[in-house]
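Subject: A structure for you to look at

Hello,

I am passing on a structure that you have not worked with before. Please open it first, and then read my notes below alongside it.

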Amino acid sequence: MWSSPGHKKLAQWGFRDQASSAAVWRPQGGVECIDYHAGPSARMLLAAGSGYDDFTQISYPWWFGGGNWNDSR
């Protein structure tokens, strides 16, 4: 289900406000993460072929309260 094309809503699998890392092992395409709590303009791009061990290292937009993607509020 995760490798099929298309949009995925993390809340459908119990991941809302739970994910603290990610891996995008496909060779191209990447992943765009959208925080709909803040509105569709709060986005994080994850590059294809990359792993992200710690979302605390990725800054959350200051205009949505700052912090990081692991715990934006």
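To start with a term: helices (H or I, at least four residues) and strands (E, at least two) are DSSP runs, numbered from the N terminus. By that count the chain has 0 helices and 4 strands, and the order from the N terminus on is β-β-β-β.

Two notes on how to read the values. This is a predicted model, in which local features need pLDDT of at least 70 and side-chain atom pairs count only at pLDDT 80 or more, while totals for chains, interfaces and linings use all residues. Residues are numbered from 1 along each chain as its sequence is written, and side-chain values use heavy atoms, with hydrogens and water left out.

**Surface and interior**

I call a residue buried under 20% relative accessible area, exposed over 50% and partly exposed in between (1.4 Å probe, protein chains only). The chain has 73 residues, and 23% of them are buried. The exposed surface comes to about 5400 Å², with carbon and sulfur atoms supplying 52% of it; these areas come from the Shrake-Rupley method with a 1.4 Å probe, and for residues only the protein chains shown count as cover.

A nonpolar core here is a set of buried Ala, Val, Leu, Ile, Met, Phe, Trp, Tyr and Cys residues joined through side-chain atoms within 4.5 Å. The largest one has 10 residues: Val24, Cys33, Ala42, Met44, Leu46, Tyr52, Phe55, Tyr60, Phe64 and Trp69.

With contact meaning heavy atoms within 4.5 Å, and neighbours within four places in sequence left aside, Met44 is in contact with Val31, Glu32, Cys33, Phe55, Ile58 and Trp69. Met44 and Val31 are 13 residues apart along the chain, and their C-alpha atoms are separated by 8.3 Å.

**A salt bridge between strands**

Side chains of opposite charge can pair when their charged atoms come close. The rule for a salt bridge is a side-chain nitrogen of Lys or Arg within 4 Å of a carboxyl oxygen of Asp or Glu, and the count comes to 1 salt bridge. It joins Arg43 and Glu32, whose closest N and O atoms are 2.7 Å apart. Arg43 lies in strand β3 and Glu32 in strand β2, so the pair ties together parts that are 11 residues apart in sequence. Arg43 is partly exposed at 40% relative accessibility, and Glu32 is partly exposed at 42%.

**Aromatic rings**

Rings of Phe, Tyr and Trp (its six-membered ring) pair if their centres lie within 6.5 Å; planes under 30 degrees apart count as stacked, over 60 as edge-to-face and the rest as tilted. The structure holds 4 aromatic pairs. One of them is the tilted pair of Trp63 and Phe64, at 6.1 Å centre to centre with 55 degrees between the planes. Are these two residues buried or exposed? Trp63 counts as exposed because its relative accessibility is 53%, whereas Phe64 is buried at 18%. One aromatic cluster takes in Tyr60, Trp62, Trp63, Phe64 and Trp69.

**Polar contacts**

A polar contact is a pair of N or O atoms within 3.5 Å; within protein, one must be able to donate a hydrogen and the other to accept it, and residues adjacent in sequence count only if both atoms are side-chain atoms. What does Asp35 join up with? Its side chain makes a polar contact of 2.5 Å with the side chain of Tyr60. Asp35 belongs to the loop between β2 (31-34) and β3 (43-46), and it is buried, with a relative accessible area of 13%.

Asn68 comes in the segment after β4 (50-52) and is buried at 17% relative accessibility. A polar atom of the Asn68 side chain lies 2.9 Å from the backbone nitrogen of Asn70. Not counting residues up to four places away in sequence, Asn68 touches Phe55, Thr56, Ile58, Ser59 and Tyr60.

**Across the sequence**

Among contacts between residues at least 6 apart in sequence, 34% join residues at least 24 apart. Gln18, in the segment before β1 (22-24), is exposed at 55%.

Enjoy exploring the structure!

Best wishes
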